[in-house]
Amino acid sequence: MYLFDPYYLPDGIADVNVESTPEHPFAYNRIVPFSYFNRDTQEPYALGSESEREAVLLYDTRTKLTEEKTVEYFI
């Protein structure tokens, strides 16, 4: 996964599977294997045990597609 990690580590991460990349400073600076997020351990990028995970969902009602804002094309 491409992600932005706000913690600046000049030497990068000690894990050989996590890549640090300075080429995209406004988009992402780490490339982390997806499997790292599904670990139950207390390691970098692990989300921990499933029973303790939480999620916050944000939804912008200003960009919601409604019938008035939707254009349909028939070919």
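**Note on the model: arginine 30 and its surroundings**

1. Leaving aside neighbours within four places in sequence, arginine 30 is in contact (heavy atoms within 4.5 Å) with Met1, Tyr2, Leu3, Asp5, Tyr7, Leu9, Ile13, Val18, Glu19, Ser20, Thr21 and Tyr45. This is a predicted model, in which local features need pLDDT of at least 70 and side-chain atom pairs count only at pLDDT 80 or more, while totals for chains, interfaces and linings use all residues. Residues are numbered from 1 along each chain as its sequence is written, and side-chain values use heavy atoms, with hydrogens and water left out.

2. Arginine 30 sits in strand S3. Strands (E, at least two residues) and helices (H or I, at least four) are DSSP runs, numbered from the N terminus. Arginine 30 counts as buried because its relative accessibility is 3%. The classes are buried under 20% relative accessible area, exposed over 50%, and partly exposed in between (1.4 Å probe, protein chains only).

3. The side chain of arginine 30 has two polar partners to check. One is the backbone oxygen of tyrosine 7, at 3.1 Å. Another is the side chain of tyrosine 45, at 3.2 Å. A polar contact is a pair of N or O atoms within 3.5 Å; within protein, one must be able to donate a hydrogen and the other to accept it, and residues adjacent in sequence count only if both atoms are side-chain atoms.

4. The sheet is open, with three strands in the order S1-S3-S2 and antiparallel pairing. Strands S1 (2-3) and S2 (19-20) are at the edges with a single partner strand each, so one side of each has no neighbour in the sheet. Two strands pair if DSSP finds at least two bridges between them. S2 and S3 pair over two bridges, in the antiparallel sense. Serine 20 stands opposite arginine 30 in S3.

5. The largest nonpolar core has six residues: Leu3, Val18, Val32, Tyr36, Phe37 and Tyr45. Such a core is a set of buried Ala, Val, Leu, Ile, Met, Phe, Trp, Tyr and Cys residues joined through side-chain atoms within 4.5 Å. Beyond its neighbours within four places in sequence, leucine 3 touches Tyr28, Asn29, Arg30, Val32, Phe37 and Tyr45.

6. Arginine 39 follows strand S3 (30-31), in the segment after it. Its side chain makes a 3.3 Å polar contact with the side chain of glutamate 43. Not counting residues up to four places away in sequence, arginine 39 touches Pro44, Ala46, Leu47, Gly48 and Arg53.

7. Threonine 70 is also in the segment after S3. Threonine 70 is partly exposed, at 37% relative accessible area. Its side chain reaches the backbone oxygen of threonine 66 at 2.6 Å.
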